[in-house]
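Here are my notes on this one, point by point. Have the viewer open while you read.

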Amino acid sequence: KIKIYQKNNVDFIELPKTRQITYSDMPKAFESEMASGRIVQDILGYRPSFTVTYEYIPEHILVPVVGLIRQGGFFKVEYPTPTGAGEGMFKISDTSGQKIFKFVDNAPMWYGLTLTFTSQVVVNDD
């Protein structure tokens, strides 16, 4: 499960389990143009990120997550990785927008939520 800690690093929001999680490393590079017009790129490292998708998510979880997204900044996140567990400071963005919902046991459930977590640090494998 994914845990998002609030700014006090004590209170957290635990997201439900998901079967749809995608990991990626976005390259962080310095790019310059040579006198010849050729563009050279020096890769400084990679910024880890992952995306989770939920078919339905309960409103009591969605509301505080949206509050953190609107607050902005980086949050401590504990998350599963292919090699075990990971932890780091991540910026959270909602790449789906909230869509229409249904009711389950009189509790609202929002449909089609996709969250992207982007690391604050650039990892260099040197």
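**Notes on the model**

1. Start with the hairpin: β5 runs into β6 through 2 residues. Helices (H or I, at least four residues) and strands (E, at least two) are DSSP runs, numbered from the N terminus. Keep in mind that this is a predicted model, where local features need pLDDT of at least 70, side-chain atom pairs count only at pLDDT 80 or more, and totals for chains, interfaces and linings use all residues. Residues are numbered from 1 along each chain as its sequence is written, and side-chain values use heavy atoms, with hydrogens and water left out.

2. β5 (residues 75-81) has partners on two sides of the bookkeeping. With β6 (residues 84-94) the pairing is antiparallel, through 7 bridges; with β1 (residues 3-5) it is antiparallel over 2 bridges. Two strands pair here if DSSP finds at least two bridges between them.

3. Next, the core. The largest nonpolar core has 22 residues, and I2, I4, L15, F50, L115 and F117 touch the most other members. A nonpolar core is a set of buried Ala, Val, Leu, Ile, Met, Phe, Trp, Tyr and Cys residues joined through side-chain atoms within 4.5 Å. At least two residues come from each of β4, α1 (59-71), β5, β6 and β8 (107-119), and α1 gives the most, with 5 residues. In soluble globular proteins, nonpolar side chains tend to be buried together.

4. Which residues does F50 contact, beyond its neighbours within four places in sequence? They are I2, I21, T22, Y23, V77, Y79, F90, L115, T116 and F117, with contact meaning heavy atoms within 4.5 Å. F50 counts as buried because its relative accessibility is 1% (buried is under 20% relative accessible area, exposed over 50%, partly exposed in between, with a 1.4 Å probe and protein chains only).

5. The whole structure has 7 aromatic pairs. Rings of Phe, Tyr and Trp (its six-membered ring) pair if their centres lie within 6.5 Å; planes under 30 degrees apart count as stacked, over 60 as edge-to-face and the rest as tilted. F50 and Y79 are stacked, at 4.7 Å centre to centre and 25° between the planes. F50 is in β4 and Y79 in β5, so this pair ties together parts 29 residues apart in sequence. Y79 is buried too, at 13% relative accessible area.

6. F50 also stacks with F117: the ring centres are 4.6 Å apart and the planes at 10°. This pair links β4 to β8, 67 residues apart, and both residues are buried. Y23, F50, Y79, F90 and F117 form one aromatic cluster.

7. Two lysines are worth a click. K7 puts its charged end over the ring of F75, 4.6 Å from the centre, and K76 lies over the face of Y5, at 4.6 Å from the ring centre. The criterion is NZ of Lys or CZ of Arg within 6 Å of the ring centre and within 35 degrees of the ring normal.

8. Finally, the loops. Between β7 (101-104) and β8, D105 has a positive phi, near 55°, and N106 has one of about 65°; neither is a glycine. D105 is exposed at 77% relative accessible area, and N106 is exposed at 74%. A35, in the loop between β3 (20-33) and β4 (39-58), counts as exposed at 90% relative accessibility.
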